[in-house]
Amino acid sequence: MKRVKYVIANWKMNGNLASLSLVRHINNHLRKNEVKSPKVIICPPFTLLGTFAAVKSMNLTFGAQNIHKLDHGAYTGEISSSMVKDVKAKYVIIGHSERRSYQNEDVNELREKILIALNQKLKVIFCIGETHDQIKKRKSILQNQLKSLPKNFSHKNIIVAYEPVWAIGTGLTPTISEIDKIHSNIRNMLTKYVGKNSDKISILYGGSVNSKNASEILYLKNVDGALVGGASLNAREFCKIIDS
Ligand code: PEP
């Protein structure tokens, strides 16, 4: 089964207007090398999203790192999916472990966010992953997190990113064979949960991906790309990951 490959940058709370040079560097790299696959998506902070997405002739696509579960209203400081759509962003990350832990986002709230994003025709990058303490019960943790997904959605609109929480920003990763096995388990869970077409859903790996470990991870049959945090803030490093 041929699935769409992605390399996605999560800039978290980093970047400013000067970071447009980083975006241009990555864009020039894609153009010069005529990169058709993977699809490269950058998720900067909200303050930069509209500016970046408005730059003409980009081979890149842009996404938000979060949205509110409602469309509008008296929610000071929040951003809705229609606002993200309005500035021509195409994707949104939902369920990142930092939001699950610092903002207490749970299965139900995440389901609402996914639904409103899909409603606005945003594509969802849905993150799942266990903490270090949960490694032994990883399967049930991931199974439960997947319950945020609606039962019937087009496989084209959801990307799943497996990100072990203990691997994020730590320099640690599961072994290559563990990643392969966990991704295959996630595929089986998706097949049970959403059935038809689940084999077309791209499953990315995230957690301390860098230019040194990327090719080993990305060559795995069950891995359809990477969600990259820290290493995506360095244009040359990020381009090496894309080339992997
Ligand atoms: C992330 O937070 O989504 C992530 C993958 O971070 P890092 O690559 O820095 O581990």
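I looked up which element gives the most to the lining of the second largest pocket: α4 does, with three residues. Helices are DSSP runs of H or I with at least four residues, strands are runs of E with at least two, and both are numbered from the N terminus. The model is predicted: local features need pLDDT of at least 70, side-chain atom pairs count only at pLDDT 80 or more, and totals for chains, interfaces and linings use all residues. Residues are numbered from 1 along each chain as its sequence is written, and side-chain values use heavy atoms, with hydrogens and water left out.

**Second largest pocket**

I noted a volume of about 220 Å³ for this pocket. A pocket is found on a 1 Å grid over the protein atoms alone, as an open set of points where a 1.4 Å probe fits, with protein on both sides within 12 Å along at least five of seven lines; lining residues have an atom within 4 Å of a point. Points are joined across faces, edges and corners, and the volume is the space filled by probe spheres set on them.

I find Ser97, Arg100, Ser101, Glu105 and Asp106 among the lining residues, which also include Asn144 and Gln145. The elements that give two or more residues to this lining are α4 and α6 (138-145). By class I have two nonpolar, seven polar and three charged residues. Here Ala, Val, Leu, Ile, Met, Phe, Trp, Tyr, Cys and Pro are nonpolar, Asp, Glu, Lys and Arg are charged, and the others, Gly among them, are polar.

**Largest pocket**

I turned to the largest pocket, with a volume of about 480 Å³. Of its 21 lining residues, Lys12, Phe46, Gln65, Asn66 and Arg99 are the closest to the centre. Two or more residues come from each of α2 (46-54) and α4 (97-102); α4 gives the most, with three. The lining has eight nonpolar, nine polar and four charged residues.

**Ligand**

I count 13 residues around the ligand, the closest being Lys12, His96, Glu163, Gly169 and Ser208; the criterion is a heavy atom within 4 Å. This shell has four nonpolar, seven polar and two charged residues.

I then checked polar contacts (pairs of N or O atoms within 3.5 Å). A polar side-chain atom of Lys12 is 2.5 Å from a ligand oxygen. For Glu163, a side-chain N or O atom is 2.8 Å from an oxygen of the ligand. Gly230 places a backbone N or O atom 2.8 Å from a ligand oxygen. The protein covers 95% of the 290 Å² of accessible area that the ligand has on its own (Shrake-Rupley method, 1.4 Å probe).

Note on methods
Polar contact = N/O pair within 3.5 Å; in protein donor to acceptor, adjacent residues only side chain to side chain.
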